[in-house]
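Have a go at each task before you read its solution.

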Amino acid sequence: SIYEMFGNECCLSTGEVIKVIGFKINKLIASICENNEVSRFSAKVELPLNFPGLYKVVADKTPYVSVEEITKKVSIGPTRFGHPCFYSPEDIKLANLTIKHGEQITFNSVEEVNGTMAVNCGVVRNNQSHSFTLPLSQEGKFYECEDDQIYTLKEIAEWKIPKCRNRIVKLSNTLHTWDSSNPLPENFDGCLILTPVYEVQAVMKFRKDIVHILSDLDVEVKDITDCYDISSFLQPLSLEDVFERTSKEFPMVAEIMEGPSGSQKPYNLLHTGKEIVIYKKYQATRVLASEIRSDSPKRHFLVPLSYKGKFKRRPREFPTAYDLEIARSEKEQLHVVATKAFDSPHKELFSVSVGDQFLVQQCQTSEVLYEGRKKVIDVLACEQILSDTYKKVLLPMYMEGGFVEVIHDKKQYQLSEICKEFRLPFNVKVSVRDLSVEEDVLAAVPGLQFEEEITDSYLLISSTNSPVESWEIPVYRLNMSVHLLSKDVQTVVPPATKTTVEEISEEQYYMMRRYENQTLHPPPRPPKKPT
């Protein structure tokens, strides 16, 4: 049987021994859903995994009948996506804990406990986490809990579609404008039933790459696992698999079985068959930056603190007086000019005209007369800049106006200085490009907003045949497979490290902001008008 996949012809001849290493969803067949059923008027459309948009997962109403069934059909793993939640309509009595009916149970990992396979689980009560194990033999009805997170289609395909089941999703947010090539109806915001189309991932004895076989290929196979020495096959590892290895196992030599796509260095050097040294795994800091522009789509970047270019400040924009209070710092006085007029409903507070300039002082309270009654409200004390003097004024904190910062600071800053001296978000423009790289992608961007510092997982690698420089590669954003070689590492100390500015997609940016911000408390909402 001969077939072609991704432009590579593969021949499966009679007697060929194949080791199946995994199943992967290749694409999704979507139908418009009404009342949890396929709409009578819906045509089936094919969606690639990179189809734009963000989606909410609708909880499956069909229960699982045992913990073992859940482990066989649902993805449970170490990443943030691999912790599914279920509830039981009946109490579950354990040796030292009773799980109440309807209580949310998080499935964290599967492992052997005292010779029996079990799932490590957790419940949260009164903001305290309680851990316990459930044996795979535990029977009962287990229903999926509602999930308020949002996902890309790729994330749903990898983590949120149980084996042998479909998945209903609701479109939460389209990230791109609709055009005629979009298979979904214009302005569609309903539910879709997703049916996965799988491919089989396999290795062959005399090939060093991973073979992809569509699940509908017409070929007969026989299971010979029990009577064949499978150790003679290569063992592919993803970057996540490599990262999960203990630090003592590094450095290691590996050969790339499937390289990433992309023309940016070092991705263009990581082709199939290339040997690399993986020196270590670690967490590194990046600054998340977005292009400043009024229209979309904006470009997004992860900038290393070692970036050698320099930046000049650019004016920030503030939609409310409350935003001025958040941006205020002790280090320098905030000077702004009004871009939108505001008529104050209280004579005690100032009415703003376009072009008025202010020095922001501090937040305080003020008594105002509202419908014949005195009320105390939060206000922002400022100094209005007049031609030859300053006038103290009070702006209501709820004021929806518009202000643009006036920059007096002409200094050029390194990125590390900005992170140390100023509060993010912070607006800049590259004034001196990074001369250590061939092409500085940030230099061509008219304006950047540094949004926040994030921490991400990286592997440090170099080429085995010419290790003149080493590269940081992201673990969770690079689709790449390797197999380890039993070779000694010639130089244990890595060569000089090259860090690059990484441009990320809008979906990757949104996911990054979503998970970084889960650990932060959102700022309080601005005050409302007195009522």
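## Exercise 1: an aspartate in a loop

Keep in mind that this is a predicted model. The backbone nitrogen of D434 sits 2.8 Å from a polar atom of the D440 side chain.

**Task.** Work out where D440 is found, whether D440 is buried or exposed, and which residues D440 touches.

**Solution.** 
- Step 1: D440 belongs to the loop between β30 (426-432) and β31 (448-463).
- Step 2: check the accessibility. The relative accessible area of D440 is 7%. Buried means under 20%, so D440 counts as buried.
- Step 3: list the contacts. Leaving out residues up to four places away in sequence, D440 touches Y307, R433 and D434.
- Step 4: look for polar contacts. The side chains of D440 and Y307 are joined by one of 2.4 Å, and the D440 side chain also has the backbone nitrogen of D434 at 2.8 Å.
- Step 5: D440 and V501 are 61 residues apart along the chain, with 8.1 Å between their C-alpha atoms.

## Exercise 2: a glutamate in a strand

**Task.** Find the strand that holds E144 and the polar partners of the E144 side chain.

**Solution.** 
- Step 1: E144 is in strand β14 (residues 139-144).
- Step 2: E144 has a relative accessible area of 13%. With the limit for buried at under 20%, E144 is therefore buried.
- Step 3: the E144 side chain reaches the backbone nitrogen of D60 at 2.7 Å. Side chain to side chain, E144 makes a polar contact of 2.6 Å with R167.
- Step 4: now widen the view to contacts in general. Not counting residues up to four places away in sequence, E144 touches V58, A59, D60, C85, F86, Y87 and R167.

## Exercise 3: another six-stranded sheet

**Task.** Trace the open sheet that includes β29, and find the bridge partner of T320 in β29.

**Solution.** 
- Step 1: this open sheet of six strands reads β24-β29-β25-β26-β27-β28, again with antiparallel pairing.
- Step 2: its edge strands, β24 (317-320) and β28 (390-396), each pair on one side only.
- Step 3: follow the bridges. Strand β29 (residues 400-405) is joined to β24 by three antiparallel bridges, and the partner of T320 in β29 is E400.
- Step 4: β29 also pairs with β25, antiparallel, over three bridges; A338 stands opposite F403 in β29.
- Step 5: strand β25 (residues 335-338) pairs with strand β26 (residues 357-370) in the antiparallel sense, over three bridges. V336 stands opposite F358 in β26.

## Exercise 4: rings and charges

**Task.** How many aromatic pairs are there, and what geometry do Y413 and F422 have?

**Solution.** 
- Step 1: with ring centres required to lie within 6.5 Å, the count comes to nine aromatic pairs.
- Step 2: Y413 and F422 have their centres 5.3 Å apart and 85 degrees between the planes. Over 60 degrees counts as edge-to-face, so that is the label for Y413 and F422. Both residues are buried.
- Step 3: Y64, F86 and F107 make up one aromatic cluster.
- Step 4: finish with the lysines. K280 lies over the face of Y282, 5.1 Å from the ring centre. The charged end of K281 sits over the ring of F243, at 5.2 Å from its centre.

Note on methods. Residues are numbered from 1 along each chain as its sequence is written. This is a predicted model: local features need pLDDT of at least 70, side-chain atom pairs count only at pLDDT 80 or more; totals for chains, interfaces and linings use all residues. Side-chain values use heavy atoms; hydrogens and water are left out. Helices (H or I, at least four residues) and strands (E, at least two) are DSSP runs, numbered from the N terminus. Buried means under 20% relative accessible area, exposed over 50%, partly exposed in between (1.4 Å probe, protein chains only). Contact means heavy atoms within 4.5 Å. A polar contact is a pair of N or O atoms within 3.5 Å; within protein, one must be able to donate a hydrogen and the other to accept it, and residues adjacent in sequence count only if both atoms are side-chain atoms. Two strands pair if DSSP finds at least two bridges between them. Rings of Phe, Tyr and Trp (its six-membered ring) pair if their centres lie within 6.5 Å; planes under 30 degrees apart count as stacked, over 60 as edge-to-face and the rest as tilted. A charge sits over a ring if NZ of Lys or CZ of Arg is within 6 Å of the ring centre and within 35 degrees of the ring normal.
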